[in-house]
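Please look over the sequence and the structure first.

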Amino acid sequence: MHEQTSTPAADGTPPQGPTLFDWEFATDPYPAYAWLREHSPVHRTKLPSGVEAWLVTRYADARQALADQRLSKNPAHHAEPAHAKGKTGIPGERKAELMTHLLNIDPPDHTRLRRLVSKAFTPRRVAEFTPRVQEITDQLIDRIVEKAGDAERGEADLIHEFAFPLPIYAICEMLGVPREDQDDFRDWAGMMIRHGGGPRGGVARSVKQIRTYLGELIHRKRDDLGNDLISDLIRASDHGDHLTEAEATAMAFILLFAGFETTVNLIGNGLHALFVNPDQRARLQDSLAAGERSLLETGVEELLRYDGPVELATWRFATEPLTLGGQEIAVGDPVLVVLAAADRDPARFADPDTLDLSRSDNQHLGYGHGIHYCLGAPLARLEGQTALASLLTRLPDLELAVPPTDLRWRGGLIMRGLRTLPVRFTP
Ligand code: HEM
C-alpha cells in the first residue's frame, strides 16, 4: 500500500486507500484533490479504518450535499455492520454519552438545540468578546517576547505558544470556565489534540476529564448563574426549553471540540500561507500599518478558502437512495464532503490555487453550508483577525525558522494543520 504515491501517478492511477490520508498526503493534498475533481468527483474509497465512503470534491456537488436533508449527520444511519462500529473513526460512534450534540443529530432535535445555543453567537454577543480576545492575544505575544529576553533574535513555536492557547482560553471565557481552572482545561484539550485520532489512552482520559469537569461546572452554575453560555443553557432549560443535563454537557463539549482545533489550524495554516506568499503578506502588513481593516477581513476568509482547517465536513449518511455528481449513493453509505477540495474548484473560483487576500467573490465552504453551517464562525473570524493582525503588527519581521518543506502536517479525516510552526523575530 505504501508504494503508492499520495499524488496521482502519471498513468492516472487514482490516489486512494490509506495514502489519501497519511501524513505525506497531508503535506499537500491539493494535487490529489485536483485529480479527484477532474476524474472522479464523487469517488468511492476505502478509509484507513477500512470503512468505505464517498468523497465529494467539486464545489457544486459539495454545496448540494451539505444542504441535502437526505444526508443525515446521525451515525446511527451508517450501514456498516454492527461489529465494525466503534472502529470506524467516525466521531460519536464510541462516545455515546457525548453523542447528542449538534454535529451528530438531525432536525427536529438539531433545530431545538441549535436555537438554544445560537443566542450566544449573535454578532452582539461575540462583539462583547473583542476586548478579551485582544487581551488573551496580547498576553500570549508578551510571553513570546519576554522569553526571547535580550537575544537579538527571538524564537518561538507559534502552534504551541500562540495558535493553540488562544482559542482554548477564548472558549473557556465563552463557556464561563473560571480563570483558575482554565490552565487545567488547556492541558486536557492539549492531550486531545496532541494524540489526535481515536479516543484511546491519553485522549480517552482527557475527554473523560473534560466531560466530568463540564458536568460539575453545570451543577455549580445552577446556583450561581452568570453572563456566560453555560448559564444561558441552564436558563433556557429552566424556561421549559427542555435541555437534559446530558445534552448540556454534550453541547459544551462540542463547542470545545468544534471551536478548538479548527481555530488552531486557521491561525497556523493562515500564517504558513502568508509566510510562503510574501507578496500577500507584505500587502496585509502595509494595510494594517495604514490602520485599515478591510484586507484583514477579506484576507481571513481567503485563508480559510485557500488552506482551511477542515478537510472534510465530517460525516453524512444517506437515509434514502440519491444521485450525486452522477453517482448512485445507497442508503447507509457514508459521504464525506471534502471542503478543502471544493474550495479550490476552478469551476467556482478564479485562479483557485492563488492566494488573493482581497478576493471578493469568495463564498467558500470553509464553515460548511446549510443547517449545520458553523455556529462559531463569528467567533472564529474575531480570533483569526485578532491573531494575525496583532502578530504581524507587533512582530513585523516574523519569519519561518526552517524551510517550509521541513514543516510537518497533521492530517486526519477531518482536520489538517501544522504540528509545529518554528519562527524567528526581533523582540
Ligand atoms: C460546525 C468549521 C470554529 C462551533 C462547523 C462546520 C464547519 C466548521 C465546516 C460544519 C460541519 C458540517 O456541516 O458537518 C469551522 C472552522 C472554524 C470553526 C473552519 C475556525 C476557523 C468554530 C468555533 C466554534 C464552532 C470557534 C465555537 C466555539 C461549531 C458548531 C458547529 C460547527 C457548534 C455545529 C453546528 C451545527 O451542527 O448546527 N464548523 N468552525 N466552530 N462549528 Fe465551527
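## Basis of the description

This is a predicted model, in which local features need pLDDT of at least 70 and side-chain atom pairs count only at pLDDT 80 or more, while totals for chains, interfaces and linings use all residues. Residues are numbered from 1 along each chain as its sequence is written.

## Overall make-up

The protein contains 16 helices and twelve strands. These elements are DSSP runs numbered from the N terminus, with at least four residues of H or I for a helix and at least two of E for a strand.

Of the 427 residues, 43% count as buried. A residue is buried if 20 or more other C-beta atoms lie within 10 Å of its own, exposed if 12 or fewer, and partly exposed in between, with C-beta atoms placed from the backbone. Among contacts with a separation of 6 or more, 72% join residues 24 or more positions apart. Two residues are in contact if their C-beta atoms, placed from the backbone, lie within 7 Å.

## The five-stranded sheet

Five strands form an open, mixed sheet in the order β1-β2-β8-β5-β3. Two strands pair if DSSP finds at least two bridges between them.

Strand β5 (residues 312-318) pairs with β8 (residues 334-338) in the antiparallel sense over four bridges, and W315 has L336 in β8 as its bridge partner. β5 also pairs with β3 in the antiparallel sense, over two bridges; here S72 stands opposite F317 in β5. β5 is mostly covered, with seven of its seven residues buried.

## The three-stranded sheet

A further open sheet has three strands in the order β4-β12-β9, with antiparallel pairing. Its edge strands are β4 (154-157) and β9 (399-400), each of which pairs on one side only. Four bridges link β4 to β12 (residues 422-425) in the antiparallel sense, and the bridge partner of D157 in β12 is P422.

## A pair of helices

Helix α13 (residues 278-289) packs against helix α16 (residues 377-394) at an angle of about 85°, with the axes 10 Å apart. The two helices are therefore roughly perpendicular to each other, a term that covers angles of 65 to 115 degrees.

In this contact, L284, Q285 and L288 of α13 meet A389, L392 and T393 of α16. The residues of the contact divide into four nonpolar, two polar and no charged. Ala, Val, Leu, Ile, Met, Phe, Trp, Tyr, Cys and Pro count as nonpolar, Asp, Glu, Lys and Arg as charged, and the others, Gly among them, as polar.

## Around the ligand

The ligand is surrounded by 27 residues, of which the closest are G259, T262, G368, C374 and G376. A residue is near a molecule if its C-beta atom, placed from the backbone, lies within 6 Å of it. The shell divides into 17 nonpolar, nine polar and one charged.

α12 (245-275), β5 and α16 each supply at least two residues of this shell. The largest share, seven residues, comes from α12.

Note on methods
Axes fitted to C-alpha atoms, helices over the stretch in contact; angles between N-to-C directions. Parallel < 35°, antiparallel > 145°, perpendicular 65-115°, else oblique.
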